[in-house]
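Trainee: I want to know what stands behind the labels. Please go through them with me.

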Amino acid sequence: MRPRPALSAAAALLALTVLAGCGTADPSASLPTGTKEGGDLVYATDREPTCLDPHNSGDMPQTYIARQYLDSLVSMKADGTVVPWLAQSWDVSKDGKTYDFHLKKGVEFTDGEPLDADAVVANFEQIMDPDTQSSTDLLYLSPYFEKATAVSEHTVRVTLKRPYSPLLTVLSQAFFGIESPRAMARGLEANCAAPVGTGPFKVAEWKRNQEVVLERNDDYDSAPADAKHQGPAYLEKVTWRFLKDNTARFGALQSGKAQAIFNLPPESVPAATADSRIDTDDFVHSGVPFALDFNTDSPQLSDVRVRRAIVHAADAPGIVESAYAGVFPYEGNALSSGTPDYDESYHEPFPYDPDKAAKLLDEAGWTGRDEDGYRTKDGKTLTLRLPYNSDPGETPPADLTIFQNFQAMEKRVGIKVELQPKDAASMTAIKTDPTAYDLQGRYWNSPTPGVMYIKFSKETLDIDNGQNVARDYDDELDKTLVEAAGTTDPEKQQQLYSTAQGILTSQAWHLPLYPVQTRLATRSDQVKDIWIEPSEGEPVLHDAYLIRDGA
Amino acid sequence: MTALATAPETAAPAAGSRSRARRARRATALRSASFWLAAVVVVLVLLAAVAPGLLAPQDPLEISLGESFDAPSAAHVFGTDQSGRDVFSRVVHGAGQSLAIGLGATAIGLVGAIVLGLLGGLGGRLADASVTRVIEVLYAFPGILLALILIAVYGSSALTQMVAVGVATMPGYARMVRGQVLAVKGSLYVESARALGHSPARILTRTILPNAFRPLTVLVTLGVGQAIVWAAALGFLGMGVQPPTAEWGAMLNAGRTYIQQAWWMDFFPGITIVVFTLSLTVLGRHLQRAADSGASR
Amino acid sequence: MTAETTSSAPATVGPVGPVSPEEPAQPAGPGPAAPPAALLARLRASLPGRIALRVLSALVLLWAVATIVFFLQHLVPGDPALAILGGASANPPPETVAAVRAQYGFDQPLLVQYADFLGGLVRGDLGSSYTMKEPVARIIAEQIVPTLQLTGASLAIAWAIAIGSTLLTAARPGLAARIGSGLEVVLAALPHFWLGVVLLVVFAVTLQWLPVVDDGPAGLVLPALTLGVPLGGFLAQVTRDEFDAASRQPFVLSALSRGTRPGDVRWRHVLRHAALPGIALSGWGLGSLISGAVVVEVIFSRQGIGQVLVTAVTSQDLPLVIGVTFVVALVYVIANILTDLAAVAVDPRLRTSIGGAS
């Protein structure tokens, strides 16, 4: 306790920290030359999954990481076609209700279990089991799925209640990655911590709030047909790090602490573009763009004129431009531009027009004004509650800016928007409580335009799981989408899906804002061949390799 | 508790030392300069809190989508934020709410502390023992930890933030009130008041309370600064007032995101808090010195 | 009069920075309860007895802390099962919610849950995190090391500042002392959230001397400075006042008259004396550092229980919040016992006063 040792200890510590900070390790320093083999990659991402088994829940971070250790039955290419993966081939019955998948032979899970028809059946059963607490997978499957059976050792039959033409694209997502039955039998908790697949990597360790360590599966030989190479991955180890803070994540890339980061923060895009060592790769998700959904159960929003007025008043392109620094494009259609059968004529259906908004509101009877200048009808102020998750990981700062800009824009036409930050539990409760919200910011990434049915159908509304946020349906729309799911004729599909987009636009059940993007930034001087697969924008590390001298 | 008599410099007369006198004069001048500077800052912040429109006529909530992230300039001396709002206006308009949270928290902390302290100081032995225990238990959550627990339970809001900070400052005040009451209770003038036959109620209200609380006024000056800093820290973590409201902590939180491209969004609210709390500290110490010299005469 | 004070109880009239209201009024920290019997007196008479008493009272304290946090947890509005199942796209069906309630024992009577909770604590089981679905104890065990590294480095920096500033400027004539003490006041007033951001922007973003984020020692520099500098300013104020007083003590004069060099006197005699209250406050200082680490770890995206705590608070992951605060309370209580004992060991005069109610 004498001061002297304390002081010298402090001095020594300072000296040590300064010295040690001088050199940053070059990841390629000790790599064998003349090959792509070997090395560790640090991949830093924003959100941490709550469970590594993507069958559980079904949030985007789960699918991104699951792609690294799980293989799916099929793989989707950018043009929407589906190519073999764990299923070498498949037969679809004439009525579109029976799918026979013929599995690759000789594939093993990393725990030694064989990949056979029984294993695939077990996966479907686990997905449908309430104990798995699946959400996304169930929304895709339950309206259609009847059962899965093993026809032979390597043939699985999926039987549907009614035809479902998007099934193959749906199954290509890592949300439907195939897991070892033995691992799934351990129960949800163990399986969440370390699911076992047939993929190019295996989960070695999950340090919560920090990283997941993935190790190479040396026996890997079941890459999808569209992979850049077959056989094991080049990287020996991947550190999948969680850096929620945007500044820190971009800083990690700049300093070379991470070779790739996922979701380059929009505010860092100019710096990234200026840096010659940084490559960026943008992927526009298909599905429903990020939108403010209007709850039609609210009396003020049951009137389509009010809904249209909100859209006209918003200056949505300006809002997105300000919040996302011009990095994200604006999208006013119910589908994102990358979705198959996207119809461009609905890109900006209700352009910024405050006068028109005012006229519509007058027509709807919101003609009075309260002391703050907000519109009233029968003495009630035109107020819209917009609850959002206060966790910045769930509501990124740019989205919060969007909400604030939206609020300020609507104020100009006399609509009062109340921003209500909520914790995760309340948000979950709000999703199934139509009295608790008027507006909600939501998106639905999906490889198929059939997602419109998930989000806006009577069937989803009847399930009452909160996915039909607008809480409304349109018989014509339902009929159109069911018909589209029942046909395999591309022309007919395009025509039907286009009709659906038209109906959705005229209903104005939501204010679409921007298509969700995957923005990958990589150190081009350190790593090559990370690519983004198109079904859910999952990054693929199987083909990635570290740059070194002589390679 | 006031260890005034142990400072030998006052006891040993500075006989005939001219340089020492000069030094003392210079020190006094320095001190009074710092006093006036601090006073000006505090008055300005109070003015901002009461009538923000006088200092910053712009609407702190009005967005301007084309003017996001403008660096400080003549038009926007503190720059603009991500929605093109004027940061200076937001700092000025934020004073009211930030100050209200700081004062409210201090009031909550003090009321709780006074109840606890009086109970401990004036109640019986058992009461004192239990109060001491309660204070100890509260002490076991250092700093803003107690506040964080409360926010975890009740969720983020301006009210929770204020209550949480108040409760977090309470044990410190409580310990002081208790010590002060005990010290005054055992002092000579209370003895003499008792000897004069004054009623216990009169002794309590006229003698014990005023004497016990006098040092507290100084602490409150300092404590408000502390409460504002803690509240701002919670705001910085996103656990306080929510956007788009202009409030210092909330502004810090918003600025953190854009720290690499718009440093002014965090720098100016931050330095406002630093300068303001520093000014409160300077004022508090002057008050303290005045109180001390008054007491020693 | 110009002397500030020489009290070793800085809370009342000491050099109070903005941190004042939470300083312990007596550096001794939590003392044992009011003496009910002569047995206590006998126990106090011996050092081991006193230690045993301290440990016992610390255990009672921790039990009280545990009880408070447990019941606070049950004040949470809303269903904890939904918090567990939460997540952006989660839509748990009722049977799932019921399953979770059973799994976590929410369907049990409150007292049974309380007994389970206390039983778990004794076994070192802090329950399971809602969001991470992992034992809280394991999460904390993983994350506490970087936090302790950070706080340790910060404490060292704080002491370096305190001692450096005191040696250079305290009890010296002229402006030096004024500037020194003025600087200390300013340093002590710097909030972590502002200092950290400024250091980050200047040294990591603009000058790029240090990494923005780094797990290694280089990444420790800015966070440790952010955390250590304000505490250094505070400790320096305490040490300076003690130093001022000590340098007027007779033993200084006598040392000087024996011909010891003034520098040596300052270093060997006066500073040793002056550091005592600061050392006694270091236990408290550690507590304030852990509290500050919450903000600092967020600014610099450092691993640690501060970061975990913030995430847990925002996601209302109460077992994790409670686990972290409980462990921090534990560390804090232990640190206070240790500083008490250290103070007693260094200064025998304290042996009679420790534990005596003021």
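Predicted model: local features only at pLDDT ≥ 70, side-chain atom pairs only at ≥ 80, totals over all residues.

Trainee: What makes up residues 274–300 of chain C, helix or strand?

Mentor: Residues 274–300 of chain C are 96% helix and 0% strand, with end C-alpha atoms 34 Å apart. For residues 216–238 of chain C, the figures are 91% helix, 0% strand and 33 Å. An unreviewed UniProt entry annotates both spans as "transmembrane region", along with 51–72, 152–171, 183–210 and 320–346 of chain C. Such annotations may be inferred rather than shown by experiment, and the positions follow the numbering used here.

Trainee: How do you know that the span of H3(C) agrees with its 27 residues?

Mentor: The expected span is 1.5 Å times one less than the number of residues. For H3(C) that rule gives 39 Å, and its end C-alpha atoms are 39 Å apart, so the two agree.

Trainee: Which residues of H3(C) are called buried?

Mentor: Buried means 20 or more other C-beta atoms, placed from the backbone, within 10 Å of the residue's own; 12 or fewer is exposed, in between is partly exposed. In H3(C), Arg54(C), Ala58(C), Leu61(C), Val65(C), Ala66(C) and Val69(C) are buried.

Trainee: What are the domains of chain C?

Mentor: The assignment gives domain 1 (47–122) and domain 2 (136–351). Such bounds come from an automatic or database assignment. Ten residues of domain 1 of chain C and nine of domain 2 of chain C form the contact. Contact means C-beta atoms, placed from the backbone, within 7 Å. Helix H3 (residues 47–73) of chain C supplies the largest share of the domain 1 side, eight residues.

Trainee: How do you know that chain A agrees with a compact globule?

Mentor: The globule rule is 2.2 Å times the number of residues to the power 0.38, and the radius of gyration is taken over C-alpha atoms. With 551 residues the rule gives near 24 Å; chain A has 25 Å, so it agrees. Of those residues, 57% count as buried. Chain A has 18 helices and 25 strands.

Methods
Residues numbered from 1 in each chain as written. Chains lettered and ligands numbered in written order. Contact = placed C-beta atoms within 7 Å. Helix = DSSP H or I, 4+ residues; strand = E, 2+ residues; numbered from the N terminus.
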